Amino acid sequence: MKTLWTMVFVLILLSSCKRGEPNFFCEECEIVIDKTAPIELESEVIIHEDSLLSPNDITLLDDKLIITSLDNTSAIFNVFTNNGQHITDFGTIGKADNEFTFGARVTQVEGHDFYVNDVNTCSLKKMNIDSIIDSKVCVISKSIKTAPRALNAFIVDDTLLIYEQETFDNYELFRDKISKSTNNPAIKLYAPRNSPSDYYQSKMSYNKNNNMIVAAMKNSNQVNFLNINTGFRRAVRITNGNEYSRDGDKQRYQYYCGITTNFQYVYALYMNQTLDDAFEKRKNMCIHVFDWKGNYIKSLQTKDYIIKISVDKKNEWMYALDNDGRVYRYPLKN
């Protein structure tokens, strides 16, 4: 019995949780101090750097990968198998209905359907990867009007549009019924302040099974969870104990640079570098894993300097992109 309680005490010391100070997203931020070693991931390069031009993002659709490369003038979306074999490409920069701007990003996947949020044209465009492969052209099945400065946007069952919009002093979450003129009141996400994009910008994902929004913040060291039906909020900060003392640091940091989710878990890519070093100075990268209630599960780590991630729906594989155009595959089965 004495040995058992000793083990429990050691585990508490290694990973503990405590309340923080009043927070800009909810009443207070929960601080999780995890001193356990992260799980090391073994990588396999499936696409080499000479195959892509200035890639920006990676998205997994079952057995296919979409690599977004906005600087590629011939095609900004390239489709590969999950083994790295090129299938086709599509999409160009322009003003036509089936073209995009430099503000385009895949924000949502449902089976073989995916949505591209184009911030500059205030539109969320729905496509089907099989239709594009079969026709070898960019086929947009539906285009939904969003709003100016809407960086994160999602569709629920083709009836409800959810989008985050930057205001002059905040970010607000809107829920608009597509076929009706009546809409829900906006949800103010944070405490008002000047230049909100410098502090509150985040990468979001949505889980329609439990109506949860998750936001991994760029310049603030926390991940936020919001139930858009009940109003439940939770803010979590993960630290090994050293970063927590950074609150008085005058330097600006890039904390989270990517997020990927499935119906079980949230994977938040933690960069944790000064703005001068971010995307420039190579380091081991950490992925914080949560469930959809905001409970911290564990940390993963890779020696590859990855900047974007995407995970499959069964938590068997994670795919990642680095700054040089390499695409990695990591087994998660263990």
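1. Ground rules. The model is predicted, so local features need pLDDT of at least 70 and side-chain atom pairs count only at pLDDT 80 or more, while totals for chains, interfaces and linings use all residues. Residues are numbered from 1 along each chain as its sequence is written, and side-chain values use heavy atoms, with hydrogens and water left out.

2. Aromatic pairs. There are 16 aromatic pairs in the structure. Rings of Phe, Tyr and Trp (its six-membered ring) pair if their centres lie within 6.5 Å; planes under 30 degrees apart are stacked, over 60 edge-to-face, and the rest tilted. Take F77 and F100: the ring centres are 5.3 Å apart and the planes stand at 80 degrees, so this pair is edge-to-face. F77 belongs to strand β7 (residues 77-81) and F100 to the loop between β8 (86-90) and β9 (104-110), so the pair ties together parts 23 residues apart in sequence. Strands (E, at least two residues) and helices (H or I, at least four) are DSSP runs, numbered from the N terminus. F77 and F100 are both buried. Buried means under 20% relative accessible area, exposed over 50%, and partly exposed in between (1.4 Å probe, protein chains only).

3. Y171 and Y190. Here the ring centres are 6.4 Å apart and the planes are at 85 degrees, so this pair is edge-to-face. Y171 sits in strand β15 (residues 171-177) and Y190 in the loop between β16 (187-188) and α3 (197-200); the pair links distant parts of the chain, 19 residues apart. Y171 is buried at 1% relative accessible area. Y190 is buried too, at 5%. Ring pairs join Y171 and Y190 with F24, F25 and Y200 in a cluster.

4. Charges over rings. The criterion is NZ of Lys or CZ of Arg within 6 Å of the ring centre and within 35 degrees of the ring normal. R233 lies over the face of F25, 4.8 Å from the ring centre. F25 is also one of the residues in the ring cluster. Elsewhere, the charged end of R252 sits over the ring of Y199, 5.3 Å from its centre.

5. Salt bridges. The whole structure has twelve. Each needs a side-chain nitrogen of Lys or Arg within 4 Å of a carboxyl oxygen of Asp or Glu. E44 bridges to R329, with the closest N and O atoms 3.0 Å apart. That pair links distant parts of the chain: E44 is in strand β4 (residues 44-47), R329 in strand β27 (residues 327-331), 285 residues apart. E44 is partly exposed at 38%, whereas R329 is buried at 11%.

6. K208 and D157. Their side chains meet in a salt bridge of 3.2 Å, N to O. Two loops are involved: K208 lies between β17 (202-207) and β18 (212-217), D157 between β13 (152-156) and β14 (160-166), and the residues are 51 apart. Both ends are partly exposed: K208 at 30% and D157 at 48%.

7. E172 and K188 form a salt bridge, the closest N and O atoms being 2.6 Å apart. E172 lies in strand β15 and K188 in strand β16, so the pair ties together parts 16 residues apart in sequence. E172 is buried at 12%; K188 is exposed at 53%. Separately, salt bridges link R282, D322, D324 and R326 in a network.

8. The largest pocket. It holds about 810 Å³ of space. On a 1 Å grid over the protein atoms alone, a pocket is an open set of points where a 1.4 Å probe fits, with protein on both sides within 12 Å along at least five of seven lines; lining residues have an atom within 4 Å of a point. The volume is the space filled by probe spheres set on the points, which are joined across faces, edges and corners. Of the 34 lining residues, Q108, V109, S205, T261 and N262 are the closest to the centre.

9. What lines the pocket. β5 (57-61), β9, β13, β17, β21 (253-261) and β25 (306-311) each supply at least two lining residues. β9 gives the largest share, six residues. The lining divides into 14 nonpolar, eleven polar and nine charged residues. Ala, Val, Leu, Ile, Met, Phe, Trp, Tyr, Cys and Pro count as nonpolar, Asp, Glu, Lys and Arg as charged, and the others, Gly among them, as polar.

10. N23. N23 lies in the loop between β1 (15-22) and β2 (28-34). N23 is buried, at 17% relative accessibility. N23 and A235 are 212 residues apart in sequence and 8.1 Å apart in space, C-alpha to C-alpha.
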